[in-house]
Amino acid sequence: MEKEKTFTAGIEYLWAETIDIWNHGLMGVDIGRIVIALLIFAAFMVLRGLFSKYVLYKLHAYTETTETKVDDHIVDALIPPIKFIPIVLGVYFASQYSGLDDAAGAVFGQFMRSMIVFTIFWGLYRSIIPFSKNFKNLEKLLTPIMVQWLFKAIRILIFLFGLAVILEIWGIQVAPLLAGLGLFGAAVALGAQDIFKNLIAGLTIIAEKRFHPGEWIKVEGVVEGTVEDIGMRSTQIRRFDKAPVHVPNAQLSDCAVTNFSRMTHRRIYWLIGVEYKTTIDQLKIVRDEIEKYVLGNEDFDSPENVST
């Protein structure tokens, strides 16, 4: 009898512990609510898949029927942030059903606001580059590479603003933080002199319009080839053997750069071989025929224009 009572007491104890764990499984939330909250989140993940498969697919198919390609690029850029919205909604409704206490609810509220800010600024960040394709008139006023740099700077500002808003949500004041990082920034600036030097040199190259992507340039003793991209730190040049060369902008700014693509005239050296037995009269005939051909061909400029 005593063994039976002991066994029964053990079963009752295990059952009581199971009920207690079920009711206070995690942060005071019973496991039943946690399971249902997970099911709610899973339902939003299914909704996200259906939304992506049907709504976003049809939207993308519709933009492909339009004449302009700008809307296609904008939709492609905004699809990842839009697909992230059901995740935010799933996390929100799951947390609301779970019934968190006040302390956990306050922290989770900050987390939710951070997710919303992240989604908004993520969409803005991704849409800047396709949106910049509408500014063709701005490329006439500035250079295309300068417009490209301008929108890269805008993307960096959007990232920094988004980060500042998220930090403010978590109670981190940005202004004192920046002031506290002043000394650290000065130390970094001293160690990053070459980076800033190349950045300023790149701006100088673009402002002076020394060369553009696609042009053939030569820097004596450094490189000769076709410019592919003018970056913030270095310029990528493709040599004629198809090898890419990354040259620091400061080196291109300080050295003499020959831009062959902007030549007004191009000198051609011809080597014409004749036999030793060629007479003077025959040489005169060869000379006169070549001169006649050159002067009568529109592909060659006249000596008067070349001399001026």
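**Notebook: a walk through the predicted model**

I began with E215, which counts as buried at 14% relative accessibility. The cut-off for buried is under 20% relative accessible area, so E215 falls on the buried side. A note to myself before going on: this is a predicted model.

**Entry 1: the partner of E215**

What does the side chain of E215 meet in a salt bridge? I found R262, at 3.2 Å from N to O. E215 sits in the loop between α9 and β1, while R262 sits in the loop between β5 (257-259) and α11 (280-296). The pair therefore ties together parts that are 47 residues apart in sequence. R262 counts as partly exposed, at 37% relative accessibility, whereas E215 is buried. I reminded myself that side chains of opposite charge can pair when their charged atoms come close.

**Entry 2: other salt bridges**

I looked up the total next, and the structure holds 6 salt bridges. One joins R239 and D241, with the closest N and O atoms 2.7 Å apart. R239 is partly exposed, at 34% relative accessibility. In another, the side chains of D288 and R287 meet at 3.0 Å, N to O. D288 also came up as partly exposed, with 37% relative accessibility.

**Entry 3: the strands**

I then went back to β1 and β2, which pair in the antiparallel sense over 4 bridges. Here V219 stands opposite V223 in β2. β1 and β2 also form a hairpin with 3 residues between them. Which residue in that turn has a positive phi? I found G221, at about 80 degrees.

**Entry 4: the nonpolar cores**

Next I checked what is packed inside. The largest nonpolar core has 13 residues, and F211, I230 and L252 have the most contacts within it. Helix α6, helix α9 (193-208), β1 (216-219) and β2 (223-230) each supply at least two of its residues. Which element gives this core its largest share? I noted β2, with 3 residues.

I listed the contacts of F211, leaving out residues up to four places away in sequence: I205, I217, V227, I230, T235, L252, V257, N259 and R262. I was pleased to meet R262 again in that list, having seen R262 in the salt bridge with E215. There is also a second, separate core of 6 residues, and among them are I87, V91, M112 and M115. For context, nonpolar side chains tend to be buried together in soluble globular proteins.

**Entry 5: S253**

I looked up S253 in helix α10 (residues 249-254). Is S253 buried or exposed? It is buried, with a relative accessible area of 17%. Not counting residues up to four places away in sequence, S253 touches A201, T204, I205 and R210. I205 is also on the contact list of F211.

**Entry 6**

Helix α6 (residues 144-169) gives the largest share, 6 residues. I picked I156 from helix α6 and noted that I156 counts as partly exposed, at 43% relative accessibility.

**Entry 7: K83**

K83 lies in helix α3 (residues 70-98) and is partly exposed, with a relative accessible area of 27%. Which residues does K83 touch, not counting those up to four places away in sequence? I wrote down R48, S52 and L56. R48 is 35 residues from K83 along the chain, and their C-alpha atoms are separated by 6.5 Å.

**Entry 8: the whole chain**

Last, I stepped back to the totals. The secondary structure of the protein chain comes to 12 helices and 5 strands. Of its 308 residues, 23% count as buried. The accessible surface comes to about 21,800 Å², and 65% of that belongs to carbon and sulfur atoms. Among contacts with a separation of 6 or more, 60% are between residues 24 or more positions apart.

Conventions
Residues are numbered from 1 along each chain as its sequence is written. This is a predicted model: local features need pLDDT of at least 70, side-chain atom pairs count only at pLDDT 80 or more; totals for chains, interfaces and linings use all residues. Side-chain values use heavy atoms; hydrogens and water are left out. Buried means under 20% relative accessible area, exposed over 50%, partly exposed in between (1.4 Å probe, protein chains only). Contact means heavy atoms within 4.5 Å. A nonpolar core is a set of buried Ala, Val, Leu, Ile, Met, Phe, Trp, Tyr and Cys residues joined through side-chain atoms within 4.5 Å. Two strands pair if DSSP finds at least two bridges between them. Accessible areas come from the Shrake-Rupley method with a 1.4 Å probe; for residues, only the protein chains shown count as cover. A salt bridge is a side-chain nitrogen of Lys or Arg within 4 Å of a carboxyl oxygen of Asp or Glu.
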